[in-house]
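Work through the exercises below with the sequence and the 3D view open. Try each task before you read its solution.

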Amino acid sequence: MSTDIDAVHPLDTSGARLSIKKPVQRFDRQGDLSDRERTEAAMRAFMHEFGAVTATYLESCIHCGMCAEACQYYVQTGDPRYTPVHKLEPFKQAYKREAGPFALFYRMFNLKPRVSADELQNWQELLYDSCTMCGRCTLICPMGIDIARLVGQARHGMFQAGLVPHELWAVAERAEREGSPLGATPAVFKDRIAWLSDEHGVEIPVDRDQADVLVSMSSIEIMKYPQAIVATAKVLNALNEKWTIRLDGYEATNFGMLSGNVQWQKDLSMKLINAAVKCGAKLLILPECGHAYGAMRWDGANVYGKPLPFEVLHISEYLARSIAGGRLRVKKAAASVTFHDPCQISRRGGATQAPRDVLAALGVELREMVPSRMGSWCCGGGGGVVTIHRADDLRYRVFEIKMKQVDDTGAEMLVMSCSNCRQTFDDGQAHFKWDKTAHSLLELVADNLVQ
Ligand code: SF4
Ligand code: SF4
């Protein structure tokens, strides 16, 4: 929607009409709730989140400001609004007023006013556009406050209030309705598998009744990087696994989680869990997708309500284990490589060493970015941010940190194990006309298998 209007500038005596730009609207709305209904819906959802752990986090901040320097948005702009703990202000305000130990006094003397619809709208940019839930602030906080988790909880209230960035809401809704955020429906996926299988002469088993290993995929891979499907098949076939893809449960991305809709998150996770249970899988392999790892590896059992009856591994962990066990052999792949740690797999997930073990087996000289591993900078596209067009300029600014990190290593090749990061890097490469191309760790392995 254009925000330009024609108006006579008050200081212009010529009478000429000038084009004055109104501030760009930084929030979207869903539905036709009144402001009051929106705030009430958000408050109900916030109250649901105020358990013991969340309360402890919200009571513990000592306002040291250390989280600011950890956040790429603050570092690149110097804007205090992007201080991580500030992004939580309405959530914290609601807690203090409605659920904290002194809530009665806060209400009685109106020390913390009710959260207003305006505040929620203004905070939409801070909770979505400028937070990838990367967890860098969480790592640095001396009080151990998991700010990234609190952002995720605050998003639950924003979703109920119908205050989610439009594009993120649209892909989440599409995933709930069609089973995929990018149109990778079962019919489309089945066609792609048939085509890839023919074109590359590789067997890709679909809908086996019984299998030891269930393989999941991300929509980004299916639609944008289909070579990942071929690479996965080559590796599992080389290992003689009894494996399958199932059309009733393959989508590993979880935009329910990113948008803040708890029910959609559950629906998407249960499709995968049910598919694994149906075929008796002992192992569910998650694809090169960061948030998919968090959604299933760490939240899967919570969604299921009991321990998962199968193991969950990210593909990089599976590759590392197979190589370490002598089951998978690879040859030298490149001279020097730098590895981008996807936040949700490395920092939030803890699977930091596995990709390095795989790269060591590939005989490459690993040139680490500074910092790397747990302290790695985010690519800027996680947490659903890459879907939000109005956030593009900000995203490119934070991507500059990453480009410099990569360039400083002087490595020949840039490798990662998350297709969402890869997409963000591809977009950044095109925007900046950068000379570095992002490569997939899985594909590097598949291209260098020793049969
Ligand atoms: S999770 Fe990452 S992007 Fe979000 S506030 Fe913390 S450091 Fe910034
Ligand atoms: S680093 Fe932790 S304690 Fe310090 S201001 Fe940030 S959230 Fe509060």
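## Confidence first

The protein chain averages a pLDDT of 92, and 94% of the residues score at least 70. Residues 1–19 fall below 50, and this stretch has 19 contacts in the model beyond near neighbours in sequence. Where pLDDT is low, the predicted coordinates should not be read in detail. Keep in mind that this is a predicted model.

## Exercise 1: Follow a covered helix

**Task.** Decide how many residues of helix α18 (residues 315–324) are buried, and find what they pack against.

**Solution.** 

Step 1. Count. 7 of the 10 residues of α18 are buried, so the helix is mostly covered.

Step 2. Name them. They are I315, S316, E317, Y318, L319, A320 and S322.

Step 3. Look at the surroundings. These buried residues pack against the strands β5 and β6, and against α19 (353–361) and α22 (441–447).

Step 4. Check from the other side. Beyond four places in sequence, V358 is in contact with S316, L319, A320, I323, L441 and V445.

Step 5. Look just past the helix end. G326 takes a positive phi of about 75 degrees.

## Exercise 2: Find the core

**Task.** Which residues have the most contacts inside the largest nonpolar core?

**Solution.** 

Step 1. In soluble globular proteins, nonpolar side chains tend to be buried together.

Step 2. Look here. The largest nonpolar core has 128 residues. Those with the most contacts inside it are I147, V151, M158, L214, L286, V358 and V445.

## Exercise 3: Compare two ligand shells

**Task.** Describe the shells around ligand 1 and ligand 2 by residue class.

**Solution.** 

Step 1. Take ligand 1. Of the 15 residues around it, C71, P84, C131, C134 and C137 come nearest. α9 (147–160) and α8 (136–140) each supply at least two residues. α9 gives the most, with 3.

Step 2. Take ligand 2. 13 residues surround it, and the closest are C61, C64, C67, V85 and C141.

Step 3. Sort by class. The ligand 1 shell has 11 nonpolar, 2 polar and 2 charged residues. The ligand 2 shell has 11 nonpolar, 2 polar and no charged residues.

## Exercise 4: One residue

**Task.** Is F425 buried or exposed?

**Solution.** 

Step 1. Locate F425. It lies in helix α21 (residues 419–432).

Step 2. Apply the cut-off. A residue is buried if 20 or more other C-beta atoms lie within 10 Å of its own. F425 has 26 such neighbours, so it counts as buried.

Step 3. List its contacts. Beyond four places in sequence, F425 is in contact with C379 and A438.

Methods:
Residues are numbered from 1 along each chain as its sequence is written. Chains are lettered from A and ligands numbered from 1 in the order in which they are written. This is a predicted model: local features need pLDDT of at least 70, side-chain atom pairs count only at pLDDT 80 or more; totals for chains, interfaces and linings use all residues. A residue is buried if 20 or more other C-beta atoms lie within 10 Å of its own, exposed if 12 or fewer, and partly exposed in between; C-beta atoms are placed from the backbone. Helices (H or I, at least four residues) and strands (E, at least two) are DSSP runs, numbered from the N terminus. Two residues are in contact if their C-beta atoms, placed from the backbone, lie within 7 Å. A residue is near a molecule or strand if its C-beta atom, placed from the backbone, lies within 6 Å of it. Ala, Val, Leu, Ile, Met, Phe, Trp, Tyr, Cys and Pro count as nonpolar, Asp, Glu, Lys and Arg as charged, and the others, Gly among them, as polar. pLDDT is the predictor's confidence in each residue, from 0 to 100. A nonpolar core is a set of buried Ala, Val, Leu, Ile, Met, Phe, Trp, Tyr and Cys residues joined through C-beta atoms within 7 Å.
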